[in-house]
Amino acid sequence: MNMKVLLVTGGAGFIGSNFINLFLRKYKDFTLVNIDKLTYAGNLDNLKEIEGVPRYHFIKGDICNSDLVSYVFKQFNPDYIINFAAESHVDKSIKNPSLFIKSNVSGTLNLLQWAYNTWKKNGFDDKRFLQISTDEVYGSLKNNDDLFYETSNLLPNSPYSASKASADLLVRSFTKTYKMPAIITRCCNNYGPYQNAEKFIPTCIINALKEGLIPIYGEGNNVREWIHVTDHCEAVTNALFYGKVGEIYNIGTGDEISNINMAKTILNVLGRPQDSIIKITDRPGHDIRYALDSSKIKNELNWFPSYKLIEGIVDTVKWYVDNKSWWDK
């Protein structure tokens, strides 16, 4: 069997690990190489189910390290790259923007340069570079009716989203200038198994399980669109194999809910009182609402989400209840 090679960066993180577990089960004709720095968000316990699979290779390292990325290209000669690797915590970006520029911008540039220098020798035949981005690059919607389209202006409001927008523009420039076969996906908020405890939904679940308080920024009226991580991973796979080079694809479900109502939903699922919510000082520059028009990926790549929000939240709560050993470390 002629094995294709997929390089995944940030594959020990929440979305990356879910993608790897799903992809290796589904595609038996691929070797998968995972580079992850194993910062606070990376956890090899997320990948225990594929330990020992001969088609899987893990390399601990930083995508900003040119020598490391050079070694990976020479050793494995990847046909496809999916760049999940990113610093992604908005609060942390406010405290330390330079860290986000290094990882999210310089790291992406390093991958692009090595991919270009390696792939151009054969005219980019059967190669793909997929950049995983975020709806936050579009900024904030001020009413309940508008949507973000792939053609919407980039108006990031945090150092995190600014770093992701910068990376997107680098990817675009490599496509336009060097004919790099690259695609960008921009997804709404993810939830599901293996999400780091600092994120909003795991914080709500874990604090409720511990009978503690759930902190909500401001009045909690900020609205987010949510997708189960499995649906996101399926969309990424469709974009990788069937997406058109140079295109951007929004990935969303249309399932919107305010932060305070999400917290109340989780409390209801767990049978905890509503007065467990505590309002705290709002985050600087807190975006009001994100919502995507995802008709392009549905119409062109035949992708549709399978999870309804409440069903997915119930499943996610059950996962955290059943996997206390994972999050209680």
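First, some ground rules. This is a predicted model, where local features need pLDDT of at least 70 and side-chain atom pairs count only at pLDDT 80 or more, while totals for chains, interfaces and linings use all residues. Residues are numbered from 1 along each chain as its sequence is written, and side-chain values use heavy atoms, with hydrogens and water left out. The labels come from DSSP runs numbered from the N terminus: helices are H or I with at least four residues, strands are E with at least two.

**The seven-stranded sheet**

Let's start with the open sheet, whose seven strands come in the order S3-S2-S1-S4-S5-S6-S10 with parallel pairing. Two strands count as paired if DSSP finds at least two bridges between them. S3 (56–60) and S10 (248–251) are the edge strands, each pairing on one side only. On average, neighbouring strands here are turned by 20° against each other, direction ignored. Axes are lines fitted to C-alpha atoms (for helices, over the stretch in contact), and angles between N-to-C directions run from 0 to 180 degrees.

At the S10 end, four bridges join S10 to S6 (residues 182–187), and the two run parallel. Arginine 186 sits opposite asparagine 250 in S10.

**Helices on the sheet and on each other**

H1 (residues 14–26) lies across S1 (4–9), S2 (30–36), S3 and S4 (80–83), at about 170° to S2. H7 (residues 229–242) lies across S1, S2, S4, S5 (128–134), S6 and S10, and runs at about 145° to S5.

Then there's the helix pair H4 (residues 97–119) and H5 (residues 159–178), with axes that come within 8 Å and cross at roughly 15°. Contact here means heavy atoms within 4.5 Å. On the H4 side the residues include Phe100, Ile101, Val105 and Leu109, and on the H5 side they include Tyr160, Ala167, Leu170 and Phe174. By class, the contact has 14 nonpolar, five polar and one charged residues. For the classes, Ala, Val, Leu, Ile, Met, Phe, Trp, Tyr, Cys and Pro are nonpolar, Asp, Glu, Lys and Arg are charged, and the others, Gly among them, are polar.

All six of the six residues in S9 (residues 223–228) are buried, so the strand is largely enclosed by the rest of the structure. Buried means under 20% relative accessible area, exposed over 50%, and partly exposed in between (1.4 Å probe, protein chains only). Val223, Glu225 and Ile227 point one way from S9, and Arg224, Trp226 and His228 the other.

Here are the pairings of S9:

| Partner of S9 | Sense and bridges | Source |
|---|---|---|
| S7 (residues 189–191) | parallel, three bridges | DSSP |
| S11 (residues 256–258) | antiparallel, three bridges | DSSP |

Asparagine 189 stands opposite tryptophan 226 in S9, and glutamate 225 faces glutamate 256 in S11.

At 14% relative accessibility, phenylalanine 124 counts as buried. Leucine 38 isn't a glycine either, yet has a positive phi of about 60°. Leucine 38 is placed in the loop between S2 and S3 and, at 26% relative accessibility, counts as partly exposed.
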